[in-house]
Amino acid sequence: MSIKTLPPVLSQIKIHTPPKVNPNSTIAEEILENQCRDLGIWLPQLKDYTTMSGHLFPTTSMQRLLTLGLYFNFLFYIDDQYDRHNKDEINIKQEIYMRKIFDNCANILLTGEMPNSPHMLFDTCAELRTQFLSLTSEFWLQRFVKSNMSHLKASTYTIEDIIDNSTDIVEDYINLRILDAGMYPMIDTVEFAQGIILPDAVIESDCLRELRVYVARLGSLLNDIFSYTKEIIETNSRFSLICVLEDYCGYSFEDAVRKTVDIVNDDVLAFNAKAD
């Protein structure tokens, strides 16, 4: 199947507020590159998307921006180093190995206890725990780590892993994509960036649950649009709603792109209606 270039669609996506950038972004990116090099998790291509933190958190402090940037670079390193798209015997063994690595990472973030075997991800998690706890509480960190484990484990699954038992491939893909994209830990970082901690009663309220779902859907599906060139064309993957609509729902490429944008815009309208 030939892969086509994504048409210009940004003008069709509904934007709630104008974009802003954190004034500390440039300095923070330089500091983070040096720190990531020291930790062994720097990759040359990280420069292509490490500017994200400054756009996501335009008002947070320099210290919090650095911690969030290190966390995102940790995830970018995992995403770029682990190839989920080849389910041969070697990659299945790698999947088992990576899940053990993720379990150790979670334990380090929660307890600070280091495994006997060294790994650059373990050192990064130890540094993240130190930085997080200098700015927030164990209560928030536990919730954050739980969300992260759901994300990291989902990152080892492919479309093929959900097809056989799927009754609605589009919604099943979106639910997997939400976890794969790390949207719930991403939402948790908003509290950290703003220096607040929401109680469980608020997080678990019906209203906030629904709003979090809309945000998670939006973030993951917008990523399918924005990262189409990197994730689909450059890596020859089919892990995208656009590709799911083409491969399993009979959409043409152009209609699949249009449908993805429509779903995003419908979710924006639903979020705004609920928030108001």
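Contact is taken here to mean heavy atoms within 4.5 Å. The structure is a predicted model, in which local features need pLDDT of at least 70 and side-chain atom pairs count only at pLDDT 80 or more, while totals for chains, interfaces and linings use all residues. Residues are numbered from 1 along each chain as its sequence is written, and side-chain values use heavy atoms, with hydrogens and water left out.

Helices are described as DSSP runs (H or I, at least four residues; strands are E runs of at least two), numbered from the N terminus. Within helix α1, which spans residues 25-39, lies E33. Once residues up to four places away in sequence are set aside, E33 touches W42 and K47. With a relative accessibility of 15%, E33 counts as buried, a term that stands for under 20% relative accessible area, whereas exposed stands for over 50% and partly exposed for values in between (1.4 Å probe, protein chains only). In the segment before α1 is N22, a residue that also counts as buried, at 3% relative accessibility. The contacts of N22, again not counting residues up to four places away in sequence, are with G54, F57, P58, T59, T60 and L65.

A nonpolar core is defined as a set of buried Ala, Val, Leu, Ile, Met, Phe, Trp, Tyr and Cys residues joined through side-chain atoms within 4.5 Å. The largest such core has 77 residues, and those that touch the most other members are I41, Y71, F74, L121, F132 and L241. Helix α3 (residues 62-81) gives the most to this core, contributing eleven residues. For F132, contacts beyond its neighbours within four places in sequence are made with T67, Y71, W140, L141, F144 and F192.

The cysteines were examined for disulfides, each being a pair of cysteine sulfur atoms within 2.5 Å. A search of the whole structure finds zero disulfides. The closest cysteine sulfur to that of C105 belongs to C125, but the distance of 3.6 Å is too far for a bond. For C125, in turn, the closest cysteine sulfur is that of C105, at 3.6 Å and likewise too far for a bond.

Grid points are joined across faces, edges and corners, and a volume is the space filled by probe spheres set on the points. The second largest pocket holds about 490 Å³ of space. Elements that give two or more residues to the lining of this pocket are α6 (138-154), α9 (183-194), α10 (200-203) and α11 (206-226). Helix α6 provides the largest share of the lining, with six residues. In total, 15 residues line the second largest pocket, and R143, K146, S147, I203 and R212 lie nearest its centre. The lining comprises six nonpolar, three polar and six charged residues, where Ala, Val, Leu, Ile, Met, Phe, Trp, Tyr, Cys and Pro count as nonpolar, Asp, Glu, Lys and Arg as charged, and the others, Gly among them, as polar.

Several further residues were placed in the fold. In helix α4 (residues 89-111) is R99, which, its neighbours within four places in sequence aside, is in contact with K153, T156 and Y157. The C-alpha atoms of R99 and T156 are 8.2 Å apart in space, although 57 residues separate the two in sequence. The loop between α5 (120-133) and α6 contains S137, which counts as partly exposed at 24% relative accessibility. A C-alpha separation of 10.0 Å is found between S137 and I196, 59 residues apart along the chain. Helix α8 (residues 169-180) includes D180, which at 8% relative accessibility counts as buried. Between D180 and D80, 100 residues apart along the chain, the C-alpha atoms are separated by 13 Å. The loop between α12 (228-233) and α13 (241-249) holds N236, which counts as exposed at 58% relative accessibility. The phi of N236 is near 60°, a positive value in a residue other than glycine. Most residues other than glycine have a negative phi.

Technical notes:
On a 1 Å grid over the protein atoms alone, a cavity is a set of points where a 1.4 Å probe fits but cannot get out, and a pocket is an open set with protein on both sides within 12 Å along at least five of seven lines; lining residues have an atom within 4 Å of a point.
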